[in-house]
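Hi there,

Here is the model I promised to pass along.

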Amino acid sequence: MNRREQREQLFKILFGVEFHSADELEEQIGLYMEDLGDISKKDADYMTGKVRSIMEHMDEIDGMINQASKNWQTTRMAKAELSILRTAAYELKYEDDIPVSVSINEAVALATLHRSEHGPAIVHRILPGMV
């Protein structure tokens, strides 16, 4: 599974987490991984670890998003865009091996694929403010 495919799956896991309590995180991750079927242990471990890490840093990530979004707080954002922004913000802050432009472009691509009317524009407008 390449990085783009991993991001897609991470987005879906984080999106699903929005509808469950934090206590259910491990169960939700496990169920999602089962539904993916035959994926490598390496991919499963990478995605599981990244979701856990994003969740551990959620307050800081949301703070970054809130600061960059100007007048549009995470509590008011659509869940899809928020999940995409959280994934990209995590990459920008914690993953030095991923170029900033790649994180932003991949997030915009995800927002285009899973978008609401203004999703790609919102993602493209907020992420550069975090750099």
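**Packing around helix 5**

Helix 3 and helix 5 are roughly perpendicular to each other, a label for angles of 65 to 115 degrees (under 35 is roughly parallel, over 145 roughly antiparallel, and the rest oblique). Their axes come within 10 Å and cross at roughly 90 degrees, with helix 3 covering residues 41-56. On the helix 3 side the contact uses Lys50, Ser53 and Ile54, and on the helix 5 side Thr87, Tyr90 and Glu91; contact here means heavy atoms within 4.5 Å. By class, the residues of this contact split into two nonpolar, two polar and two charged. For those classes, Ala, Val, Leu, Ile, Met, Phe, Trp, Tyr, Cys and Pro count as nonpolar, Asp, Glu, Lys and Arg as charged, and the others, Gly among them, as polar.

Before going on, a word on the ground rules. This is a predicted model, in which local features need pLDDT of at least 70 and side-chain atom pairs count only at pLDDT 80 or more, while totals for chains, interfaces and linings use all residues. Residues are numbered from 1 along each chain as its sequence is written, and side-chain values use heavy atoms, with hydrogens and water left out. Axes are lines fitted to C-alpha atoms, for helices over the stretch in contact, and angles run from 0 to 180 degrees between N-to-C directions. Helices (H or I, at least four residues) and strands (E, at least two) are DSSP runs, numbered from the N terminus.

Which residues of helix 4 meet helix 5? They are Met58, Glu60, Ile61, Asp62, Met64 and Ile65, and their partners in helix 5 are Leu82, Leu85, Arg86, Ala89, Tyr90, Lys93 and Tyr94.

Arg7, Phe11, Leu14 and Phe15 of helix 1 make the contact with Lys79, Ala80, Ser83, Ile84, Thr87 and Glu91 of helix 5. Here the classes come to five nonpolar, two polar and three charged residues.

**Two residues in helix 6**

Ser103 lies in helix 6 and is buried, at 1% relative accessible area (buried is under 20%, exposed over 50%, partly exposed in between, with a 1.4 Å probe and protein chains only). Leaving aside residues up to four places away in sequence, Ser103 touches Ala88, Glu91, Leu92 and Ile98. Ala109 is also placed in helix 6 (residues 100-113), but with 30% relative accessibility it counts as partly exposed. The C-alpha atoms of Ala109 and Arg3 are 13 Å apart, although 106 residues separate them along the chain.

**The whole chain**

The protein has seven helices and zero strands. Of its 131 residues, 46% count as buried. Among contacts with a separation of 6 or more, 66% link residues 24 or more positions apart. The C-alpha atoms fill a box of roughly 40 × 30 × 25 Å along the principal axes.

Best wishes
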